[in-house]
Amino acid sequence: MEKDCTFCKIVNGETDTQFLYQDDTLVVFRDINPHAPVHLLVVPRKHIRSINDLEKEDSTIISHLITVAKEMARQEAVDKSGYKLLFNVERGGGQLIFHLHLHLIGGW
Ligand code: 5GP
Ligand code: ZN
């Protein structure tokens, strides 16, 4: 848990953010400022700054993020129409929250 990290606060239940899914490794919630009809964030409970900071032992977290994103796409009924999975990496990549997260964007 990082002090002053918005997503650490969310994954630790310190906000009123509703989780669409949660387990021991990650949580899923809707983006507060959606860029598409469906815009979810898949967020590991572990504070990792960005893809640049991944350690070897984090590979199971990343594969789980993607597997859950696939399930959420089905649950949100965008699996057939299609969707994007996106990691923004650091400021030049559009990252604003420096706690790793996977965007699931679709529903156009
Ligand atoms: P980034 O640009 O870092 O990849 O994406 C951060 C995303 O988090 C943005 O799309 C932004 O709208 C979303 N976001 C920022 N703060 C909050 C929040 O407090 N709650 C929710 N649900 N989403 C947030
Ligand atoms: Zn954090």
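Here are some questions and answers about this predicted model.

Residues count from 1 along each chain as its sequence is written, and chains are lettered from A and ligands numbered from 1 in the order in which they are written. Because the model is predicted, local features need pLDDT of at least 70 and side-chain atom pairs count only at pLDDT 80 or more, while totals for chains, interfaces and linings use all residues; side-chain values use heavy atoms, leaving out hydrogens and water.

Q: Which residues are the protein donors of the zinc ion (ligand 2)?
A: Donors are N, O and S atoms within 2.8 Å of the metal (3.2 Å for Na, K and Ca), and sites may look incomplete since water is not among the atoms. Here they lie 2.0 to 2.3 Å from the zinc ion (ligand 2). The donors are Cys5 (SG), Cys8 (SG), His47 (ND1) and His99 (ND1).

Q: What parts of the chain do cysteine 5 and histidine 99 tie together?
A: The donor residues of the zinc ion (ligand 2) follow the spacing C-x2-C-x38-H-x51-H. Cysteine 5 sits in the segment before helix H1 (6–11), and histidine 99 in the loop between strand S4 (83–86) and strand S5 (102–106), so the pair ties together parts that are 94 residues apart in sequence. (Helices, H or I with at least four residues, and strands, E with at least two, are DSSP runs numbered from the N terminus.)

Q: Is histidine 99 buried or exposed?
A: Buried means under 20% relative accessible area, exposed over 50%, and partly exposed in between (1.4 Å probe, protein chains only). Histidine 99 has a relative accessible area of 0%, so the word for it is buried.

Q: Which strands stand at the edges of the sheet?
A: The open sheet has 5 strands in the order S1-S2-S3-S5-S4, with antiparallel pairing; two strands pair if DSSP finds at least two bridges between them. Each edge strand has a single partner, so one side of it is left without a neighbour in the sheet: these are strand S1 (21–22) and S4.

Q: Which residues do salt bridges that share partners join into one network?
A: A salt bridge is a side-chain nitrogen of Lys or Arg within 4 Å of a carboxyl oxygen of Asp or Glu. Arginine 74 forms one with glutamate 71, the closest N and O atoms being 2.7 Å apart, and lysine 70 forms one with glutamate 71 at 3.4 Å. Shared partners make one network of Lys70, Glu71 and Arg74.
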